[in-house]
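Please read these notes with the structure open beside them. They are meant for someone looking at this chain for the first time.

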Amino acid sequence: YQRRVHGISCLGSASRFPSNRTAIVHFEGISIILSCMRHYNQNEIIQQWGLFLIMNLCEGGDNQATLLSLGTLQAIENAMKQFPDNPKLQGWSIKLISLLSTNTLDSEDWILKTGLLLLLNAVNKFPSSMDVMENSFFALHVFTKQSTPITRKLMDFDLISILFGGLMVFELEERIVEDGLGCIYNVVLHDRSYIDAFMDPNFHFPTLISAIARRFPLSVNVITFSVNCLVCLGLEPTEYLDRTELLSDILQNVKNCTNVA
């Protein structure tokens, strides 16, 4: 038993490196890891490091089909329900769900019925945890880009409050900010009737977006997402963002893309 715990944790550390990931997959490591997680489904260390290991094996879209076919989503569900008080396990699970999300009906159905509730439970339990919120915002960005039904379900679950709260708490974390802004943009692209929700004076996202852009004046991604969000909301970006050279270049690119379309 102790050897299995030690082995899983060692493999988890080794899986950080691409060459080791290839070897793990070659020696049928995926099925062995999942089998171990199922057999020791109440062991927190095995569940945590097993999820970390599988998450690394899934980076870049590698092994996605194999992982789905071997029941990885069910393993994630078990781990998140068994250990709701472990923010690292919750965060890695959420990242893994987003890496495994595809445009297949089975995957979308599982996310709609199970995955979103697991994610939202973690967000509500750990609203100040970097491990949970960084991975959750990444997942929300992915989900809202891929699926209109998932986007609508998230809006029913008060996605507005989650985005606003997360962007306020993690206003200095560039990756969270990028994913949050990308999520806003995706939601409005799916359904323009949501514009009013983002313009609600209780939140007033344009003011928040303006404040975020001022904190990252040299970030092309943040400024680009900010411009895109404001344009989607039917607003003039120059009224909310400083007239910097960077902003001018981005606006010109947006204009050129619009003319081509």
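The points below go through the core, several helices, the aromatic pairs and the cysteines of this predicted model.

1. Nonpolar core. The largest nonpolar core holds 84 residues. F143, L181, F198 and F205 have the most contacts inside this core. Two of these four sit in helices discussed below: F143 is among the buried residues of α9, and L181 is among those of α12.

2. Helix α9. Of the 17 residues in α9, 12 are buried, and the helix is mostly covered. The buried set is V132, M133, E134, N135, S136, F137, A139, L140, H141, V142, F143 and T144. The length of α9 agrees with expectation, because 17 residues at 1.5 Å a residue should span 24 Å and the end C-alpha atoms are 24 Å apart.

3. Surroundings of F143. Which residues does F143 touch, not counting those up to four places away in sequence? The list is I97, S98, S101, I111, L116, L119, I150, T151 and L154. One of them, T151, lies in helix α10 and counts as buried at 1% relative accessibility. Seen from T151, the contacts beyond four places in sequence are F143, T144, V187 and H190. F143 and T144 belong to the buried residues of α9, while V187 belongs to those of α12.

4. Helix α12. This helix runs over residues 174-190 and has 17 residues. From its first C-alpha to its last, α12 reaches 24 Å, close to the 24 Å expected at 1.5 Å a residue. Because 12 of its 17 residues are buried, α12 is largely enclosed by the rest of the structure. Those buried are I176, V177, E178, D179, G180, L181, G182, C183, I184, N186, V187 and V188. They pack against α9 (130-146), α10 (148-156), α11 (159-169), α13 (195-198), α14 (205-215) and α15 (220-232).

5. V188 as an example. V188 is placed in helix α12 and counts as buried, with a relative accessibility of 1%. Leaving aside neighbours within four places in sequence, V188 is in contact with I195, F198, C232 and L233. Another partner, F198, is one of the residues with the most contacts inside the largest core.

6. Helix α3. Buried or exposed: what are the residues of α3 on each side? In α3 (residues 29-39), G29, I30, I33, L34, C36 and M37 are buried. They cover an arc of only 160° around the axis, which puts them on the same side of α3. The face turned away from that buried side carries the exposed residues I32 and H39. An α-helix has 3.6 residues a turn, so residues three or four places apart point the same way.

7. Aromatic pairs. The count comes to 7 aromatic pairs. In one of them, the rings of W49 and W92 have centres 6.0 Å apart and planes at 55°, so the pair is tilted. W49 lies in helix α4 (residues 44-57) and W92 in helix α7 (residues 87-100), so the pair ties together parts that are 43 residues apart in sequence. Both W49 and W92 are buried.

8. F52 is buried at a relative accessible area of 8%, and W92 counts as buried at 13%. Elsewhere, F164, F198, F203 and F205 form one aromatic cluster; F198 and F205 are also among the residues with the most contacts in the largest core.

9. Cysteines. How many disulfides are there? The count comes to 0. For C36, the closest cysteine sulfur is that of C10, 13 Å away, which is too far for a bond. C229 is in no disulfide either, and the nearest cysteine sulfur, that of C232, is 7.2 Å away. Both C36 and C229 are buried, with relative accessibility of 12% for C36 and a relative accessible area of 2% for C229.

Notes:
Residues are numbered from 1 along each chain as its sequence is written. This is a predicted model: local features need pLDDT of at least 70, side-chain atom pairs count only at pLDDT 80 or more; totals for chains, interfaces and linings use all residues. Side-chain values use heavy atoms; hydrogens and water are left out. A nonpolar core is a set of buried Ala, Val, Leu, Ile, Met, Phe, Trp, Tyr and Cys residues joined through side-chain atoms within 4.5 Å. Buried means under 20% relative accessible area, exposed over 50%, partly exposed in between (1.4 Å probe, protein chains only). Contact means heavy atoms within 4.5 Å. A disulfide is a pair of cysteine sulfur atoms within 2.5 Å. Helices (H or I, at least four residues) and strands (E, at least two) are DSSP runs, numbered from the N terminus. The arc is that of the directions from the helix axis to the C-beta atoms. The expected span of a helix is 1.5 Å times one less than its number of residues. Rings of Phe, Tyr and Trp (its six-membered ring) pair if their centres lie within 6.5 Å; planes under 30 degrees apart count as stacked, over 60 as edge-to-face and the rest as tilted.
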